[in-house]
Amino acid sequence: MTAKEIYENALALSLSHIDEEDDLSFFAVRLFNIMLAELFENNNSLRIKKGEKPLVQPAKIASLEEEVNYEIQLYAPMSYALASKLLQAQEETNLAAIYNNQYVTLLSMVTPAVEMEVV
């Protein structure tokens with residue numbers, strides 16, 4: 001899935017509150033990179049559970065046209081997280097909080113616990 005598709009999902013969630021989409025897309029890449037850093041450990045947990053090697057560093061995008069190379073289970077939480085961040089920027093704090101809660105809920109549902117040896 002591309003960053004633009006996740007961004008468009010986020011816009012759909014907050015459609016009635018969008019005034020200047022061009023301004024939002026300018027900030028969306030930066031907000032997206034913050035979100036990818038936030039989700040880095042969650043993504044690695046999903047990779048480890050599948051028996052794949054964890055990423056060394058968070059993914060980063062330069063444009064919304066790029067593919068997001070995180071696990072597919074994180075795409076829905078990403079849409080809610082980005083919607084929340086965009087709404088916060090527009091000072092729509094109540095709806096932003098609702099979407100942030102949905103993000104946290106979805107994230108907890110998809111992120112597995114990873115067994116680790118305690119030393």
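Helices here are DSSP runs of H or I at least four residues long, numbered from the N terminus. With that in hand, here's a quick tour of this predicted model. Just after helix 3, glycine 51 takes a positive phi of about 85°. The protein has five helices and zero strands, so if you read the elements from the N terminus on, you get α-α-α-α-α.

**Overall picture**
- Of the 119 residues in the protein, 39% count as buried.
- The protein exposes about 7300 Å², and 53% of that comes from carbon and sulfur atoms.
- Take the contacts with a separation of 6 or more: residues 24 or more positions apart account for 70% of them.

**The nonpolar core**
- The largest nonpolar core has 30 residues, and the members that touch the most others are Phe32, Val68, Tyr70, Met78 and Leu82.
- Helix 1 (3-13), helix 2 (21-38), helix 3, helix 4 and helix 5 each give two or more residues to this core.
- Helix 4 supplies the largest share, with seven residues.
- As a background point, nonpolar side chains in soluble globular proteins tend to be buried together.

**Helix 3 and its asparagine**
- Helix 3 covers residues 40-49 and is mostly covered, with seven of its 10 residues buried.
- The buried ones are Phe40, Asn42, Asn43, Asn44, Ser45, Leu46 and Arg47.
- Asparagine 42 lies in this helix, and it counts as buried because its relative accessibility is 17%, with the cut-off at under 20%.
- Not counting residues up to four places away in sequence, asparagine 42 touches Leu74, Leu107 and Thr111.

**The aromatic pair**
- The structure holds one aromatic pair.
- The rings of tyrosine 80 and tyrosine 99 have their centres 5.6 Å apart and their planes at 70°, so the pair is edge-to-face; the cut-off for that label is over 60 degrees.
- This pair links distant parts of the chain: tyrosine 80 sits in helix 4 (residues 75-89) and tyrosine 99 in helix 5 (residues 93-110), 19 residues apart.
- How covered are the two partners? Tyrosine 80 is partly exposed, with a relative accessible area of 21%, whereas tyrosine 99 is buried at 12%.

**The start of the chain**
- Threonine 2 is found in the segment before helix 1, and it is buried, with a relative accessible area of 16%.
- Leaving aside neighbours within four places in sequence, threonine 2 is in contact with Leu64, Glu65, Glu66, Glu67 and Val68.
- The C-alpha atoms of threonine 2 and valine 68 are separated by 5.5 Å, although these residues are 66 residues apart along the chain.

Methods
Residues are numbered from 1 along each chain as its sequence is written. This is a predicted model: local features need pLDDT of at least 70, side-chain atom pairs count only at pLDDT 80 or more; totals for chains, interfaces and linings use all residues. Side-chain values use heavy atoms; hydrogens and water are left out. Buried means under 20% relative accessible area, exposed over 50%, partly exposed in between (1.4 Å probe, protein chains only). Rings of Phe, Tyr and Trp (its six-membered ring) pair if their centres lie within 6.5 Å; planes under 30 degrees apart count as stacked, over 60 as edge-to-face and the rest as tilted. Contact means heavy atoms within 4.5 Å. Accessible areas come from the Shrake-Rupley method with a 1.4 Å probe; for residues, only the protein chains shown count as cover. A nonpolar core is a set of buried Ala, Val, Leu, Ile, Met, Phe, Trp, Tyr and Cys residues joined through side-chain atoms within 4.5 Å.
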